[in-house]
Amino acid sequence: MKRFYLGLFLLTVMLTACSSNESQPVESAAEEPKQVEQESEQEGTYTPKEALYVEMENLDRELSDLEKEMLRQPGVFSGEQYDEVKVKETLDQLPDDLTKEQYLEELIYLFAEDYQEEMKTLLQFDSTVDVSIERPDETVNEPTLKKAHYAILVDASGSMAAKVGNKTRMDAAKEAVMEFAEQVPENATISLRVYGHKGSNQEADKNASCGSTENLFNASFDEGAFQQALSQVKPVGWTPIALGLEAVKEDIPENADDVVVYVVSDGIETCNGDPVKEAKNLVSADIQAVVNIIGFDVDNEGQKLLKEVATAGNGEFTYVNSEVELKKYMRAQYEEIQKKWYEWKEAGKEQAYKLKEEKKELAYSTKESMKEKSNREKERMKEAQAYLKERFDDYDHPVSKMFSDVVDYGNAKWRYAVDTGNQMWRESVDSGNEEWREYVDEGNKKINETIDKKNE
């Protein structure tokens, strides 16, 4: 049974060695057709060496005979254990009446190299290049992004009904707000809050209007839902900016790291509140908040007071007196989002390339290590066969007929290293390139969308 298994294995590795397209060392040796030789009558005095093999766990397939053979425990004289004097002494002790298969088994027992680490690498090799970087809905941090929230506060005071060109201030503000909201990164959150929207701008309705603020939208951006919420805002009341800044804290998600608040108004606080104080309170909270004030057609006094609110909120005050300037300001915000998409794309490209190169190097170095070992193993077995051939000095002796078996055995291992290592290398390249391309394509798509929107 032992001879049958070995014969089957040799036939397998010979077929494997002949099937590859990559060049490898070619040995010229005339060999008579293989025949199953009968054991000598004295075989009963010979005790074959026991071959031990390493078991690989958690594999998703059955190992081939060649792979099992490469997991054989290393030989007595493998690697740095080789000692020519001791090798010859050991060979001199071999009986002169073994079969060809038994002599080959003895040589394998003595010279088989240790492929365990390389086999573990190849059998468990994962060529998948998987880069996971959150989309730029947050502030990038080498390259992990923080969670961001955009809070928009819209003034619903009656003065927003005044005409600017052929539109009201409110209509122009809504268009600009909608364009900006469409560019907010997909995984960020956005809220829309209106203030001063109840009652009217008459004295009799002041208390009702000054006490009114309402959150109309708070979620990830959805064009239809956000547009519907924005359409509810009507210019009717007074201007409780402080109340809006105080209430906006309710709109900020608990897990938000960065918050940008945009206050769109055409005038100063008219409800006796203290928006400067509320802006300071907002940015002194645990979250990193910035309050930006967009003053729409505001007089000089209003500009001064709104600027104080923005300064208190660590933000900026921007004065616009036309629809064109309002859109120009909002488009400038797209530049920041565009920059984040660019950084996201570049970070993904860098990581995909890095992982691909690491996997390529692992596949290549493993292949080269196995090739070196298989060549060394084969050469030592050839030298041992030549020594035994000279020792027995008989043309018909089994040792004289085993050269090709030694070569085929070594070449099969060499070919396995080349084929498997090259396959892992190629798969790593393909996976890395595909991941790289996905980041490029999505990043460019988002950047172009932002540029197109900005240029509208």
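**Exercise 1.** Find how many helices and strands the chain has.

*Solution.* Count DSSP runs from the N terminus, taking H or I runs of at least four residues as helices and E runs of at least two as strands. That gives 13 helices and 10 strands. A quick note: this is a predicted model, where local features need pLDDT of at least 70 and side-chain atom pairs count only at pLDDT 80 or more, while totals for chains, interfaces and linings use all residues. Residues are numbered from 1 along each chain as its sequence is written, and side-chain values use heavy atoms, leaving out hydrogens and water.

**Exercise 2.** Work out how helix α6 and helix α8 pack.

*Solution.* Start with the ranges: α6 covers residues 169–182 and α8 covers 223–231. Next, their axes (lines fitted to C-alpha atoms over the stretch in contact) make an angle, on a scale from 0 to 180 degrees between N-to-C directions. The angle is about 155°, and the axes lie 11 Å apart. Angles over 145 degrees count as roughly antiparallel, so α6 and α8 are roughly antiparallel. Finally, look at who touches whom, with contact meaning heavy atoms within 4.5 Å: α6 brings Lys 174, Val 177, Met 178, Ala 181 and Glu 182, and α8 brings Glu 223, Phe 226, Gln 227, Leu 230 and Ser 231.

Note on methods: Angles under 35 degrees count as roughly parallel, over 145 as roughly antiparallel, 65 to 115 as roughly perpendicular and the rest as oblique.
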